[in-house]
Amino acid sequence: MASDKVKQLNDADFDAAIKSDQPTLVDFWAPWCGPCKAIGPVVEELADEFEGKVFIAKMNVDDNPVVPGKFGIRAIPTLIVFKSGEVVDQVTGAVGKSQLVELINKAL
Amino acid sequence: MKKNHYELIILGGGPAGLTAGLYASRARIDHVLIEKGAPGGQVLSTDWVDNYPGFPEGLSGFDLMEKMTSHAKRFDVNILTKEVASINLDNHESKKVIFSDESSITCDSLIICTGASPNKIGVPGEAELAGKGVSYCGTCDAPFYRNMHVAVIGGGDTAIEEADYLTRFASRVTIIHRRDELRATKILQEMAFANKKIDYIWNSRVTAIEGDKEVERLQLIDNDGNKSTFDVQGVFILIGITPNNDLLPLEQLNPDKWGFIQTDAETRTVIPGVFAAGDIRSKLMRQVVNACGEGANAVIAAEHYLVSAHK
């Protein structure tokens with residue numbers, strides 16, 4: 001049940017996507033990562049709930065080496081919330097929905 | 001209006017929960033399985049499962065859990081993706097599950113399959129550098145350590161399996177263990193000792209993880225009290241598990257001293273109609289194979305309870 005509200009970003013379109021003053025949550029993941037799979041449905045739910053307020057996106061770290069390297073990502077899933085191009089905060093691991101809502105609220 | 005009472009609620013979607021769901025659905029028990037994310041549990045992070053019978057070639061933990069999930073779905077297991085905030089067992093006739101959005105549902109019987117999570121070591125730097133060189137999942141994060149030197153802390157099955165997996169990417173893997181021998185299954189030890197990329201620091205433990213933006217070094221102390229510094233670019237902490245019991249009214253469930261729930265041989269807890277299966281249960285061995293067995297058993301025990309309670 002892939003939500004079409006979650007956009008897949010890549011190295012080329014990433015910078016433009018996070019520039020907005022509307023917050024952006026990016027889920028850095030890979031297809032072989034179990035906890036990434038586990039958290040997937042939660043990220044999709046957030047995309048529904050925060051539609052119009054927060055831009056929810058994913059980035060496959062296998063296909064996109066540049067951006068994850070730039071942000072020093074060494075574990076997945078890592079979820080980073082951006083505002084106006086800056087990192088507001090981040091979490092690592094398959095955390096619960098309430099923790100992700102908390103993360104997003106820091107940027108709202 | 002949404003349904004708010006079930007004969008059976010299954011809490012958690014790992015091997016125990018999914019098997020319980022399968023058996024409950026086939027028994028036509030009115031049930032719901034609650035899981036906060038996608039089903040699978042800890043096994044999702046297991047690189048390779050070589051000891052689950054029926055798969056003679058072995059398979060990845062990820063694939064095994066995909067198969068278990070689709071097996072459950074084939075029998076229409078009712079899976080609800082929702083985050084649980086707490087469980088209220090004060091009323092034995094109507095056990096209550098409260099969600100993080102403050103809504104709730106109740107049930108006649110409850111099977112607790114909340115599983116366990118990796119332990120932390122609790123040293124300075126661990127939390128600060130989590131995701132920046134500190135990892136709890138080798139299969140997730142190994143590819144970030146290509147041609148680097150990493151440490152693995154621990155000496156059990158998971159630590160040794162993950163150390164071996166890490167050598168596919170890292171140039172060198174150092175196992176740091178507090179004892180002078182490994183606790184892992186012998187076949188895993190043989191594999192590790194034969195792997196030339198793995199070396200060992202025995203009788204030692206980590207007292208701090210240090211680094212500016214990323215992990216750079218560990219502070220170690222050996223069992224004689226000698227301190228040393230060890231340079232690494234990553235550290236994988238694989239020192240056993242802690243029960244996922246935060247949501248439970250633990251004092252009512254007769255936990256063992258580590259917080260796992262004690263049951264009788266039929267998975268019954270001290271509260272009538274409440275059962276525990278899988279890693280959350282107090283027991284000697286925690287493997288997929290017995291988690292599944294306990295999940296199935298718990299459903300039959302719950303069915304007996306439902307029949308006798310409704311008489």
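Good morning. The model is predicted, and local features need pLDDT of at least 70, side-chain atom pairs count only at pLDDT 80 or more, and totals for chains, interfaces and linings use all residues. Residues are numbered from 1 along each chain as its sequence is written, while chains are lettered from A and ligands numbered from 1 in the order in which they are written.

I begin with the two chains. Chain B places 24 residues in contact with 20 residues of chain A; contact requires C-beta atoms, placed from the backbone, within 7 Å. On the chain B side, helices H2 (61-74) and H3 (138-141) each supply at least two residues. Helices here are DSSP runs of H or I with at least four residues, numbered from the N terminus. H3(B) gives the most to that side, with 3 residues.

Next, a pair of helices. In chain B, the axes of H4 (residues 157-166) and H5 (residues 186-194) come within 10 Å and cross at roughly 35°. An axis is a line fitted to C-alpha atoms over the stretch in contact, and angles run from 0 to 180 degrees between N-to-C directions. Among the residues making this contact are Ile160(B) and Ala163(B) of H4(B), and Leu188(B) and Met191(B) of H5(B).

Finally, the domains. Chain B is assigned domain 1 (5-118 + 241-309) and domain 2 (134-237), with bounds from an automatic or database domain assignment. Their C-alpha centres lie 32 Å apart. The contact between them takes 4 residues from domain 1 of chain B and 7 residues from domain 2 of chain B.

Thank you.

Key
Two residues are in contact if their C-beta atoms, placed from the backbone, lie within 7 Å.
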